[in-house]
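Here's a quick briefing to read with the structure open. Have a look at it first, then carry on below.

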Amino acid sequence: MKSLLLLCTILLPVIAFGNNKIAAFGYDSTYVLSIKQKFAIPENVINADYVGIWKKTYTWRSGNTVNYSIVSNFKAAFLINRTTGLITVANANKIKGKIYRRDTVINLIIRSTDSELYSEEDTCEIWVKKNKYCKFIDYNATSKGQGSRPEPYSNLADTKIEAGFAYFIKRGNKAHKQFYDIGGFTASEKNPTIIGAYSSGNNPVFDGTGLAAGIEAFEFKNAPLPPQYCRIYNIDVSNYPAIAFRISTKSRSFGIYNSNFYNNVNVDYKYDLGDIYFFGDANDTLINWHHELINLESTGSWGPIVKSDASGVTAYNIKSATANPITDKASNFRFAISYYSSLSHFWFKGGGRSLQVRYPFVKIIDGIITGSANAGMFLVTDEKYNGKPDFLQISNVLFRDNDYGILSYNNKINNTTIENCYFDSNKNDGIYFKNGGIDRTIRYCTFINNKSDGIQLDYHSQKSTNLLISQNLFVGNKGKAINASNRYCAENLKIVNNTIIGTLDLSGTVNSSVINNFYLFTRGNFESINNFVLDSASISQIFRDPIKYDFRLKPTSILTIKKNVEPAIATKGKDLEIGAFGYD
């Protein structure tokens, strides 16, 4: 049989954003409904005490009602509100007096159910500290107590923060103009230091209104020892002139969970400060290690929710909308001097360079970035310490209505993988490589309605070498689909298995290959293999509903690329993979 080549498009899933559903290739807003979440309580609980609120991910955009239930409880000791996700103590007698070790971890299994899609089961970790090691604080207490729940301290300053102890602040408290310099302590993974909340009501709030410039809510210092193994649960911080939590260089294994930040860094509004600042330098970043952030939200702060000079940072379910007026540099999140870190299930709005990455081996997964004035994601080298974001993975991120979706600014940013992302209505390019790099991949993405190019390759001091652009959809971009017209911008560029409703301009490249694509217009010299040239008539004949961006093939579409070969016999109604394939 003759070799037969077909060119087909992949089934496009439907994503939801707000109340609108659009066909998409790549980004999936229903990727994860919920995640593992963490809470802490003292052994001395009473019925109806709050544990915390179980949340769906900020990226879950189905638009349907989500309900919660406990499918694996601990001696029926806990309840969860079906609609709000609030977890409370239902039977305190199963906990109080039953904790025999200094620390006990209780794991519940929480089922989150979307009314129209599916349910998902995730672990809820509840850390319980034995009462002997608990101190209680109530800022509304009329006198200083002994630190017990019946007789709490009236201020966290009434006690010293020690390794392995827990400090629980009464819910509903609002502590005004308080700030704490906490000396370093070395706790352990088995017996961490805890700062958390007890009783019922809203998270305790530390309010810095009226404080002078430079005042930070909590600073964890290196002396007498680098602080290690500290967990902070359900503490909100608002209106501080500077940082909410500063964790000093050489720290290790901090966790911050279920906290809200508002209007911080509002006097010292340097763009490189933040609500949470893992402080350090390049010499210490691999010592300042292994921090965890879950369920954090920042509204109206003038710095990013996180600036990290630490490595091994994992951040999950993070929401931030910066109010910083320095629009060219203000960020929502900064991996500054940070190796081996990851961010997932996030939603960022506004700012200048909304998400910044400077160092290698970072993963950015499952997020929404909108409305940034400079770039949704800004990749930049660290000139002072020679850091660069090599081996960066960007997966399942929606970039919408930013100036640029992704701006890769400097040279020598290599081994970048961008996949399953959606670049929609950005004011310039979906992706702009201002400088080149080696061994980069862009695959399974959609570039739609961007005001300039889908992808632009430029040359300032380096060209792109061995860049693979594979299995993407380009449609409705005001500029070119792929713009590689700048002189010497790319070498060994491979364009494989894409659907390109627009112009493919490779006039600035050397040794380019274009294989198994649909495209409308091309410019430049390149090796062309098995491509299908579209026109306005064939677009409507071949694809199911291009007006609504449905670029699946019609079941009746039988395409051959090479002339003088036998037509294919396709299975009716079956959706085939994008690109060309052959068989004998």
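Which residues form a nonpolar patch on the surface? They are Leu286, Tyr340, Phe361 and Phe391, and together they have about 410 Å² of accessible area. Keep in mind that this is a predicted model.

**The surface patch**
- Tyr340, one of the patch residues, sits in the loop that runs between strand E26 (333–335) and strand E27 (342–349).
- Tyr340 has 46% relative accessibility, so it counts as partly exposed.

**Overall build**
- We're looking at a protein chain with one helix and 53 strands.
- The protein chain has 584 residues, and 60% of them count as buried.
- Take the contacts between residues at least 6 apart in sequence: 67% of them join residues at least 24 apart.

**Nonpolar cores**
- The largest nonpolar core holds 87 residues, and the ones touching the most other members are Phe220, Phe245 and Ile364.
- If you skip neighbours within four places in sequence, Phe220 is in contact with a list of residues that includes Ile182, Phe185, Ile195, Pro227 and Cys230.
- Phe245 is also among the contacts of Phe220, as are Arg246, Ile247, Ser248 and Phe254.
- There's a second, separate core of 23 residues too, with Trp54, Val66, Tyr68 and Ile95 among them.

Key:
Residues numbered from 1 in each chain as written. Predicted model: local features only at pLDDT ≥ 70, side-chain atom pairs only at ≥ 80, totals over all residues. Heavy atoms only, no water. Patch = residues over 30% accessible without salt bridge, like charges linked within 9 Å, V, L, I, M, F, W, Y side chains within 5 Å. Areas by Shrake-Rupley, 256 points an atom, 1.4 Å probe, with all protein chains shown as cover. Salt bridge = Lys/Arg side-chain N within 4 Å of Asp/Glu carboxyl O. Helix = DSSP H or I, 4+ residues; strand = E, 2+ residues; numbered from the N terminus. Buried < 20%, exposed > 50% of the residue type's maximum accessible area, 1.4 Å probe, protein only. Core = buried A, V, L, I, M, F, W, Y, C linked by side-chain atoms within 4.5 Å. Contact = heavy atoms within 4.5 Å.
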